[in-house]
Amino acid sequence: MSKTLQIDIVSDVMCPWCIIGYRQLSKALDATGTEHEIQWHPFELNPQMPPEGQNTREHIAEKYGSTPEQSEQSRQQMTALAADLGFDFEWTEHSRMHNTFNTHQLLHWANTQGRMHDLKMALFTAHFTDQRNLSDNAVLADVAAEIGLDRAEAVAVLDDQRFANDVRGAEQFWQQQGISGVPAVVFNRKHLVTGAQGVENYTSILTQLAEMDA
């Protein structure tokens, strides 16, 4: 009997490489028939981001010093990679980055209902494909309701910030493990892989892990 592979993924729904990396890993998991359990963990790319967010192009230019041409080239590269994996990036001139502290609290709540993975996927789509405003708690509650979670409860969770300390604690835990960028994937709590590795590399990693456990 094969062991179930424990996969911890530290990520932020603002991170395009996080959804690309997940889709690559998912393909590799399917290709290798790997029994697995995925647990998502919070990371804020921009913890100082103001509530209203910031235009994505402006943000990238400020944070990384990218020219508009470099930014556009990067977008085209990511869009093509994602399209091959069945995910649709629909950037516009008005695309925005958002503060995700409340997003992570909502994901923590969804986890108590066994729906964290579903909500995570829905939030990636809401942000990158549908260009919805994840700075808006009403939008976050709508996304939760669209996958069948209780909208009123989602609103209450965001209003009273009941999971704020849990999220802060989880963020600090992963930072203390040396995680400073995402996606960060940890296999069986001991093998760390950072960045979107590509389907072939993930397949090779999974094969090696299976051999180690054989």
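Which strand holds the place of S11? That residue sits in β1, which spans residues 5-11; strands here are DSSP runs of E with at least two residues, helices are runs of H or I with at least four, and both are numbered from the N terminus. The model is a predicted one, where local features need pLDDT of at least 70, side-chain atom pairs count only at pLDDT 80 or more, and totals for chains, interfaces and linings use all residues. Residues are numbered from 1 along each chain as its sequence is written, and side-chain values use heavy atoms, with hydrogens and water left out.

S11 counts as buried because its relative accessibility is 0% (buried means under 20% relative accessible area, exposed over 50%, partly exposed in between, with a 1.4 Å probe and protein chains only). Leaving aside residues up to four places away in sequence, S11 touches a set of residues including W40, H41, F43, H104 and F124 (contact means heavy atoms within 4.5 Å). K120 is also among them, and its side chain makes a polar contact of 2.7 Å with that of S11 (a pair of N or O atoms within 3.5 Å; within protein, one must be able to donate a hydrogen and the other to accept it, and residues adjacent in sequence count only if both atoms are side-chain atoms).

Next comes helix α6, residues 137-146, where V139, L140, A141, V143 and A144 are buried. The buried residues of α6 pack against α4, α5 and α7. After α6 comes G148, with a positive phi near 100°.
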